[in-house]
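This report describes selected features of sheets, helices and chain contacts in the structure shown below.

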Amino acid sequence: MPTIKLKAFTLLERVRTQSPVVHHLTNWVTIYDCAQVVKVLGASPVMAHAREEVEEMARLAAALVLNIGTLTMEMVEAMKLAAQSANAEGIPVILDVCGAGATSLRDRKCFELLDEVRIDLIKGNASEMARISGAPVRTKGVDAAPVALDLEEVALSLALRRKCTVVITGPEDLVVDGSRRFVVKNGHPLMSRVVGTGCMAASVIGAFAAVEPDLALAAAAGLICFNVAGELAAELSPGPGAFKVKLFDCLDALDEPTLAARRRVSG
Amino acid sequence: MPTIKLKAFTLLERVRTQSPVVHHLTNWVTIYDCAQVVKVLGASPVMAHAREEVEEMARLAAALVLNIGTLTMEMVEAMKLAAQSANAEGIPVILDVCGAGATSLRDRKCFELLDEVRIDLIKGNASEMARISGAPVRTKGVDAAPVALDLEEVALSLALRRKCTVVITGPEDLVVDGSRRFVVKNGHPLMSRVVGTGCMAASVIGAFAAVEPDLALAAAAGLICFNVAGELAAELSPGPGAFKVKLFDCLDALDEPTLAARRRVSG
Amino acid sequence: MPTIKLKAFTLLERVRTQSPVVHHLTNWVTIYDCAQVVKVLGASPVMAHAREEVEEMARLAAALVLNIGTLTMEMVEAMKLAAQSANAEGIPVILDVCGAGATSLRDRKCFELLDEVRIDLIKGNASEMARISGAPVRTKGVDAAPVALDLEEVALSLALRRKCTVVITGPEDLVVDGSRRFVVKNGHPLMSRVVGTGCMAASVIGAFAAVEPDLALAAAAGLICFNVAGELAAELSPGPGAFKVKLFDCLDALDEPTLAARRRVSG
């Protein structure tokens, strides 16, 4: 816990100072928000999905974020090329399994990605991640469906089997690798009323993973920052429209005293 | 009229309570806003266009919204697959004929969709819908061009010929099926100064169609809610930027007394 | 200079009055903002990229804006078709070389476009434009990298070689054709903290090019308007979220006295 308390702002400052390039192959719904949240953190987002350039673009980057929210066959092939390139360079690869559990295509393509390239961190909501762990659950489109499973067990077994860091988002966010577990309790219900907060969380994790090789620490720190900004924005907002505007402003203005006073994490 | 007065809020509450999945194959310009307006209403948007999953995704949904704003050949083929799947399950299909009348591709693909699958509701602006009804009019890109036709006749003939509900949007929105006609007079000129309000209107109709099988009633109720929120947002906004933020907040906060005091509909 | 002082508002009024159609083939990240900024100016944006309709859509338009931000092979082929159609009709073609210098695909496709169709105005940031002028510089994704070159020389040599107008954006925006040079000094650092301001600048130039055949004048006038709106928005904004909302409102409300008091341009 003291580690996390310390690290969240330290890592945020590292993002702001180093301004790492974060390469995304993501969905067409929230692509702007993914780019903008990375920009607001002080990093440099780039979105590129042509198979002819993804390998080269991934090599320019300090982290690669894949999100299957509006996947096509071509997009997943480009994701594999980008990830192989990132793997070869030791660049961390984050996979947001958006909508896993909704259709068999999404499940199959997630498993292909996990089997064929090295994914360093998998992120999804409860039903998406339960599905990726092998449970026969159904996701409600891209919104989480209730899951009658112990999420910590889901996360741990997935982390061990896939040898990666696992993030399950929800009212509390769970970050697990083979040996550690963090629960980030910050956040606000209004965040789930706005399309894109889940995708942005993965992009935030990508920006932090770009500056910190310990991915569990990077993910927990990123989620603390993003969720504290969400709390601040919610307190200033009459509804989901204003909330999204203020989310960017609050993340941009986030400072150490605010993080220290607000962070709620156990691990 | 009493029916509509009653139904607008009743149906909005049904959307909020049932939180139906609304599947979209839409354009890349307003895809976020289409998802967000559905989310703000309390429903669950999902955007998916890969031909390999659209049939399965459509079956998960309670309504399917098609919008040809940035159509490609592949997208229209995926739309047909999704619509066939929705047709087989009795899920209502809404088609926004965005840009019909601007290019022959748009006209041809709209006619193909109307001929090859069951479209339950067609929605467009005056020149788009005049073109779909067969008139040789030209649309100004995706903005309505003046039409020297009686729009009620256009709507009625189209509704009868295509055996569907017809919505023609404009300063007043017209909702027609073979036997009834509603004119929704709510709305504000600022709505036409913001890209995406037209597309969002179709998504709102989709969310209401997901909870009410009488599609003329669903469309009129959805448009009343959306346009009243537009009025409220316009009154609070110095310009189109603020307006869009407040549109989401006003729709989120919309309550029965406000709807009762504001709704202007004849039928 | 007096010409520019006079022209910026004159041209803005012409955009507002004529409401020209501005056809875009652009990227999926900022496609909404490109459309919305054109709409807020009073013009009529249309986004269409299917090869089967781009030639016809381009003919409907008064300007064509190409942006390679998320290019694919298919998109660039469609851009060529659209540009050939615009060329044949005398419609000005603006190319935003977004991310040139980041990957060899982007460089190669920019050169193909410049070689195979007539581009009337090329726009990019310092490292993008240096790369397009032939210098072996590297762009940091889509963010400008420092360039150890005289940008005025880069712009002039490119303008002469490609026989077009050249815009290099940055803390000061440089507009150059074979015989003239304008430096637009308006703007605010917050603009570079928001994804999409660069792409929007190209769309604004497109809207002004749609009403003014002298493209250097059109570009300088458009950039003055956009950057003055940026200054006004920044003064009203606590951060990048609010800034973007207010950018649209300030551009919408822009009037002659404000422009006269604010414009800072040399030429």
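## Helices over the sheet of chain A

In this predicted model, helix 7 (residues 151–162) of chain A lies across strand 5, strand 6, strand 7 (173–176) and strand 8 (181–184) of chain A, and runs at about 155° to strand 6 of chain A. Helix 8 (residues 197–209) of chain A lies across strand 1, strand 3 (63–67), strand 4 (93–96), strand 5 and strand 6 of chain A. The angle between helix 8 and strand 3 of chain A is about 165°.

The strands of chain A belong to an open sheet of nine strands with mixed pairing, in the order 2-1-3-4-5-6-7-8-9. Strand 2 (44–47) and strand 9 (265–266) of chain A are the edge strands, each pairing on one side only. Within the sheet, strand 5 (residues 121–125) and strand 6 (residues 165–169) of chain A run parallel and are joined by five bridges. One residue of this pairing is A:Lys123, whose bridge partner in strand 6 of chain A is A:Val167.

## Surroundings of A:Asn27

A:Asn27 is located in the loop between strand 1 (21–25) and helix 2 (31–40) of chain A. This residue counts as buried because it has 24 C-beta neighbours inside 10 Å, where the threshold for burial is 20 or more.

Beyond its neighbours within four places in sequence, A:Asn27 is in contact with A:Asn67, A:Gly69, A:Thr70, A:Cys98 and A:Cys199. The C-alpha atoms of A:Asn27 and A:Leu71 are separated by 6.9 Å, although the two residues are 44 residues apart along the chain.

## Sheet and helices of chain B

In chain B, nine strands form an open sheet with mixed pairing and the order 2-1-3-4-5-6-7-8-9. Strand 2 and strand 9 (265–266) of chain B each have a single partner strand, so one side of each is left without a neighbour in the sheet. Strand 3 (residues 63–67) and strand 4 (residues 93–96) of chain B pair in the parallel sense over four bridges, and B:Val65 stands opposite B:Ile94 in strand 4 of chain B.

Helix 2 of chain B lies across strand 1 (21–25) and strand 2 of chain B, at about 155° to strand 2 of chain B. Helix 9 (residues 215–235) of chain B lies across strand 5 (121–125), strand 6 (165–169), strand 7 (173–176), strand 8 (181–184) and strand 9 of chain B, and runs at about 5° to strand 8 of chain B.

## Helix 10 of chain B

The 14 residues of helix 10 (residues 240–253) of chain B should span 20 Å at 1.5 Å a residue, and this agrees with the 20 Å between its end C-alpha atoms. Helix 10 of chain B has a kink of about 25°, centred on B:Lys246. Of its 14 residues, 13 are buried, so helix 10 of chain B is largely enclosed by the rest of the structure.

## Contacts with chain A

The contact between chain B and chain A takes 27 residues from chain B and 25 residues from chain A. On the side of chain B, two or more residues each come from helix 2 (31–40), strand 2 (44–47), helix 3 (54–60) and helix 10 of chain B. Helix 10 of chain B provides the largest share, seven residues. This side of chain B divides into 17 nonpolar, three polar and seven charged residues.

For chain C, 25 residues are in contact with 27 residues of chain A. Helix 5 (104–116) and helix 10 (240–253) of chain C are the elements that give two or more residues to this side of chain C, and helix 10 of chain C gives the most, with four residues. The residues on this side of chain C comprise 13 nonpolar, eight polar and four charged.

Note on methods: Residues numbered from 1 in each chain as written. Chains lettered and ligands numbered in written order. Predicted model: local features only at pLDDT ≥ 70, side-chain atom pairs only at ≥ 80, totals over all residues. Contact = placed C-beta atoms within 7 Å. Nonpolar A, V, L, I, M, F, W, Y, C, P; charged D, E, K, R; others polar. Expected span 1.5 Å × (residues − 1). Bend = angle between axes of the 7 residues up to and from the residue. Buried ≥ 20, exposed ≤ 12 C-beta atoms within 10 Å, placed from the backbone. Pairing = 2+ DSSP bridges. Axes fitted to C-alpha atoms, helices over the stretch in contact; angles between N-to-C directions.
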